[in-house]
Amino acid sequence: MRNACGFTETKETTVIDIDAVEALSRRVLGPEHKALPPRSWGHTVESFLATSPRLSEFTTPVLTLDRARIASNISVMAEWTARAGMLLAPHGKTTMAPQLWRQQLDAGSWAITLATGWQVQAARAFGVDRIVLANAEIDPVALTWIAGELDSHPTFEFYCWADSVATVNEMDRILTAQGTRPIPVIVELGGPHGRTGARTTDEATAVARAIASSPRLALAGVGGYEGALSHDRTDSGLAAVRAYLENVAALHRALDAEGLYGEHAIVTAGGSAYQDLVAEQLQSLTTGDGVATDVVLRSGAYVVHDDGFYSQISPLTPARTDAPLLSAMHGWARTVSRPEPGLALLDAGKRDFPFDEGLPVPQSVRGGETLDSGAEITALNDQHAFLRLPAEDSTALPVGSVVRLGLSHPCTAFDKWRLIPVVDDADGDDPRVVDLVHTFF
């Protein structure tokens with residue numbers, strides 16, 4: 001059911017086109033798929049997996065996902081969000097993988113969040129019918145397409161952001177001759193030295209008034225990204241996030257008091273690093289007086305978590321909860337050179353694994369060899385990793401040995417792979433590959 005503002009008052013499960021997702025298993029494999037063994041070429045994904053391939057058949061470097069850990073992470077986050085009384089709209093740009101989106105939606109996610117107009121188009125190609133674009137959309141081609149998509153598909157539900165009156169005016173200009181359904185827009189509040197977002201509540205209120213007065217737009221709520229304001233769990237970092245979220249809540253209440261909403265509103269925050277603070281500061285909005293309000297968490301990294309940045313900062317780590325997230329992504333690289341004592345060169349680099357939020361961390365050697373606790377990746381080139389070892393240990397990691405690497409920041413891991421093997425157990429001696437996940441970047 002749609003309210004007067006034109007957006008749906010529902011918490012029903014978001015739809016994805018199952019047939020379109022399952023059709024990915026019928027795609028034909030070839031040499032364009034990095035790390036796949038030559039014997040897979042010409043097979044469909046389905047027929048290749050039927051041969052029970054093992055990870056040792058894949059060339060290095062290779063990125064893998066762990067099936068059981070992904071399932072666990074999706075369950076942990078779904079249950080955590082439900083207990084907190086919030087909705088979950090996973091940030092799909094983390095993976096750009098419809099197969100994983102389907103699992104998240106099947107677990108009860110309310111929507112899929114995306115970051116660009118093209119990503120919205122990709123998600124619509126797979127039938128995703130509720131999308132949050134956590135960004136302004138003022139590209140004329142993309143916004144015109146979205147307006148047409150809304151008119152052509154009555155069940156499609158879409159939200160985007162605005163952080164200035166200029167953005168609202170530009171949307172109005174583009175939409176002058178487009179569409180009949182108002183586009184729901186969320187006012188984005190930012191913070192000092194943050195990313196986008198109106199910097200003061202007065203500025204954000206002016207944006208909300210401009211949206212509410214537009215015949216082509218509908219004020220849908222308030223949102224922002226708290227992760228831009230801190231990168232740690234120090235007292236000062238947590239205080240900065242709390243203060244920002246308090247301002248988000250205050251802005252929402254002020255807009256409600258002014259009567260700018262219709263019958264329903266959304267308050268949304270990021271939530272991969274500080275979801276506990278989001279719940280602490282915003283959850284009460286769902287039960288208070290005033291307009292009916294849903295708090296929507298846009299966590300993205302949780303689906304595979306990591307062994308770096310998020311493993312340190314997330315509230316859902318083993319040190320902070322009995323139901324933690326687990327790292328479900330690993331890199332595998334082979335020693336190709338031991339040119340001097342204490343140095344091993346691996347065949348993986350910046351084109352294979354993420355490095356922007358921390359370098360890969362050596363964890364183990366395939367086949368059971370123990371890796372010295374002092375081993376460390378100190379640098380990445382395009383296709384090489386510098387693995388430093390104790391100089392006196394000249395026998396470790398002979399040429400040809402394969403190292404499993406823990407990785408940091410899933411958002412910059414998936415974009416380097418168009419097809420990612422899923423293994424049954426990354427801790428096994430030679431894991432079986434049980435699926436291949438397609439990405440769309």
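**Confidence, fold and backbone details**

What you see is a predicted model, and its pLDDT averages 94 over the protein, with 97% of the residues scoring at least 70. The exception I would point to is the stretch of residues 1-11, where the pLDDT is below 50, although this stretch has 31 contacts in the model beyond near neighbours in sequence. Where pLDDT is low, the predicted coordinates should not be read in detail. I will therefore leave the particulars of those contacts aside.

Taken along the principal axes, the box filled by the C-alpha atoms is roughly 70 × 50 × 35 Å. Of the 441 residues, 56% count as buried, and the accessible surface comes to about 17,300 Å², of which carbon and sulfur atoms account for 50%. If we take the contacts between residues at least 6 apart in sequence, 71% of them join residues that are at least 24 apart.

Now the sheet. In what order do the strands of the open eight-stranded sheet run? Reading across, the order is β2-β9-β8-β7-β6-β5-β4-β3, and the pairing is parallel. At the edges stand β2 (87-88) and β3 (112-114), each of which has a single partner strand, so that one side of each is left without a neighbour in the sheet. Further in, strand β4, residues 130-136, runs parallel to strand β5, residues 157-162, and four bridges join the two; here Ile 131 stands opposite Phe 158 in β5. Over at β8 (264-269) and β9 (292-297), helix α10, which spans residues 275-282, lies across both strands and runs at about 170° to β9.

After α4 comes Gly 108, with a positive phi near 110°.

The peptide bond from Thr 60 to Pro 61 is cis, with omega near 0°, and Pro 61 has its place in the loop between α2 (45-49) and β1. His 305, although not a glycine, has a positive phi of about 55°; it is found in the loop between β9 and α11 (309-313). Is His 305 buried or exposed? His 305 counts as buried, because its relative accessibility is 4% and the cut-off for buried is under 20%. Leu 397, likewise not a glycine, has a positive phi of about 50° and lies in the loop between β14 (385-388) and β15 (402-406). At 0% relative accessibility, Leu 397 counts as buried too.

Definitions and conventions: Residues numbered from 1 in each chain as written. Predicted model: local features only at pLDDT ≥ 70, side-chain atom pairs only at ≥ 80, totals over all residues. Heavy atoms only, no water. Pairing = 2+ DSSP bridges. Contact = heavy atoms within 4.5 Å. Axes fitted to C-alpha atoms, helices over the stretch in contact; angles between N-to-C directions. Buried < 20%, exposed > 50% of the residue type's maximum accessible area, 1.4 Å probe, protein only. Areas by Shrake-Rupley, 256 points an atom, 1.4 Å probe, with all protein chains shown as cover. pLDDT = per-residue confidence, 0-100.
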